[in-house]
Amino acid sequence: MGIEPGRIQFSWISSAESTKFVQVVNEVTKTIKALGPNKNFVKRPVAETVSKVA
Amino acid sequence: MLEYIDKIKEISTRLLTEKKVDIIIGFRKGTLPMSNEPCFAKNAEDIKSFVWDSNCGINLANYLPNRKEKIGIIAKGCDSRNIVTHIIENKIKRDQLVIIGVPCKGMIDRKKISDMFEKEITEVTEKQGKITVKGNGVEKTIEKSKVLQENCAICIHRNPVIYDELAAEKVEEQKNVDRYEDVRKVEAMTPEDKWKYFDNLLENCIRCYACRNACPLCYCPTCFVDEAKPQWVGKSQDPTDTRTFHFLRAFHCAGRCTDCGACVRACPMGINVRAFTKKLEKDCFELFNWEAGLSMDERPPLDTFKPTDPDEFIK
Ligand code: SF4
Ligand code: SF4
C-alpha cells in the first residue's frame with residue numbers, strides 16, 4: 001500500500017530470550033533510522049493544509 | 001438469462017404458498033434503468049414484480065445477517081458464496097434458508113454504459129448477449145461481453161455453490177481467465193508509486209460508506225469508522241482518514257471477500273473499491289489456497305492456525 005519495506009517488522013521472541021529481544025530491537029531501530037521519519041499515514045498539520053488551500 | 005424469470009417466479013410462488021418460507025428476497029425493477037433493486041416478497045402478489053436480467057448485481061446475501069424468519073433467497077454464484085460465509089460466521093442458519101440458485105452469465109456495468117452516452121439513458125433492454133440502450137433520440141446496441149462488470153469478466157464461480165432449487169441449467173464456468181492482472185501491476189510498483197496510486201484512487205471518495213453498506217461482510221453493529229468512544233479514525237475527508245477507512249475495511253474482509261463487486265457497483269463516485277480487497281483475495285488464494293465461501297466444512301485461514309501456515313515474514 002506504499003509503506004517502505006523494513007518499516008514494519010515481525011518477530012517471535014519468547015519471554016526467556018532477552019538477548020534476542022535486545023538484538024531485534026537494535027536492528028529494528030537501525031533500519032528505521034536509516035529509512036528516516038515516516039511521511040505516509042501522517043496527518044498534515046493544519047497550518048500546512050491551510051497554506052496549500054490558500 | 002431473461003428466461004430464468006418464469007422458473008424463479010414459479011419456485012418462489014410455490015415456496016410461499018406451501019409456507020416453506022416467510023419471505024423471498026429477489027429483485028424488482030428499480031426506478032432508473034440498469035438499477036434493479038432488492039425486493040422482499042411476502043405473498044404471491046409481490047412475486048409478480050420479480051425480475052431477472054443483467055442488472056441484478058446487488059449482492060442479496062447482504063440482507064441476511066441476524067434475520068429470524070425463514071427466508072427464500074435468490075442467489076447468483078457470488079451471492080451463494082457470501083451466504084456460505086454468513087453461515088460459517090453464524091450470521092444465519094442453514095435451515096432457515098431455501099436458496100434458489102441462479103447460474104449467472106455476468107452482470108453489466110452501468111457506469112461503463114452511461115459513460116458511453118452523453119445524454120440520459122431512458123431504457124436498457126437485452127437479448128441474446130446484446131444490450132440495447134435508448135435515450136433521448138439515440139439508440140445503440142452493444143455486445144454484453146464488452147460491458148460486463150470487471151469482476152464478472154474474470155469470475156470463475158458463476159454457478160451457485162449451495163442451493164436447494166435451481167432456476168436453470170448450470171452454465172459453463174469461464175476458463176483461462178487471468179484474475180489478478182491488475183493486482184500484479186500494483187505489486188510491481190515502488191512504494192512511492194503505490195502510495196500515489198492509492199492517493200489517486202481515493203481522490204474522489206466522499207466517505208458516504210455506500211461501499212460498506214452494500215457489502216455483505218460489513219455487518220458489524222457499529223463499524224469502526226462510526227465509533228466515537230474511542231474514535232479510531234477521523235471522520236473528515238482528510239486523505240489519511242479516508243485511506244485508513246479503506247485499508248482497514250479491506251483487511252476486515254480478508255479471506256471473506258468473494259469479489260462480488262457490490263462495493264464498486266454502489267460507489268457514486270466510480271471508485272474501484274475492489275482494488276483494496278483484491279490483493280488480499282489473491283494472497284489468501286496463493287498462500288492458503290483459499291477462496292471464500294466455497295465450502296461449509298473448512299474454517300477460513302484467518303480463524304485457524306496450521307503449523308504449515310506461511311511465516312517467512314517473521315524474523
Ligand atoms: S462508496 Fe465510494 S465514495 Fe462512498 S465511501 Fe465508498 S469509495 Fe468512498
Ligand atoms: S468487499 Fe466488495 S467485492 Fe468483497 S464481498 Fe464486499 S462488496 Fe463484495
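## A buried ring pair in chain B

F198(B) and F247(B) are both buried. This comes from a predicted model. A pair of aromatic rings is described by the distance of the centres and the angle of the planes. The ring centres of F198(B) and F247(B) are 5.1 Å apart, and their planes meet at 75°, so the pair is edge-to-face.

F198(B) belongs to helix α7 (residues 191-202) of chain B, while F247(B) belongs to helix α9 (residues 239-252) of that chain. The pair therefore ties together parts that are 49 residues apart in sequence. Both rings also belong to one aromatic cluster, together with Y197(B) and F276(B).

Over all chains, the structure holds nine aromatic pairs. One of them is formed by F10(A) and F313(B). Their centres are 5.0 Å apart, with 85° between the planes, and this pair is edge-to-face.

F10(A) lies in the segment before α1 (18-35) of chain A. F313(B) lies in the segment after α11 (274-288) of chain B, so the pair joins two chains. F10(A) is partly exposed, at a relative accessible area of 43%.

## Charges over rings

Two arginines of chain B have their charged ends over aromatic rings. R243(B) sits over the ring of W195(B), with its charged end 3.5 Å from the ring centre. R179(B) sits over the ring of F285(B), where the distance to the centre is 5.5 Å.

## Nonpolar cores

In soluble globular proteins, nonpolar side chains tend to be buried together. Here the largest nonpolar core has 39 residues. Those with the most contacts inside this core are I8(B), I24(B), F50(B), W52(B), I74(B) and I83(B). Elements of chain B that give two or more residues to the core include the helices α1 (4-17) and α3 (77-88) and the strand β1 (23-28). α1(B) gives the most, with six residues.

What does I8(B) touch, leaving aside residues up to four places away in sequence? Its contacts are F50(B), W52(B), I74(B), V102(B) and A167(B). A second, separate core has 22 residues, among them Y209(B), A250(B), V273(B) and A275(B).

## Around ligand 2

The residues around ligand 2 come from chain B. Among them are the cysteines C215(B), C257(B), C260(B) and C263(B). R249(B), D259(B), L217(B) and T277(B) are also in this shell.

By type, the shell divides into six nonpolar, three polar and two charged residues.

How values were computed. Residues numbered from 1 in each chain as written. Chains lettered and ligands numbered in written order. Predicted model: local features only at pLDDT ≥ 70, side-chain atom pairs only at ≥ 80, totals over all residues. Heavy atoms only, no water. Phe/Tyr/Trp six-rings, centres within 6.5 Å; stacked < 30°, edge-to-face > 60°. Helix = DSSP H or I, 4+ residues; strand = E, 2+ residues; numbered from the N terminus. Buried < 20%, exposed > 50% of the residue type's maximum accessible area, 1.4 Å probe, protein only. Lys NZ or Arg CZ within 6 Å of the ring centre and 35° of its normal. Core = buried A, V, L, I, M, F, W, Y, C linked by side-chain atoms within 4.5 Å. Contact = heavy atoms within 4.5 Å. Near = heavy atom within 4 Å. Nonpolar A, V, L, I, M, F, W, Y, C, P; charged D, E, K, R; others polar.
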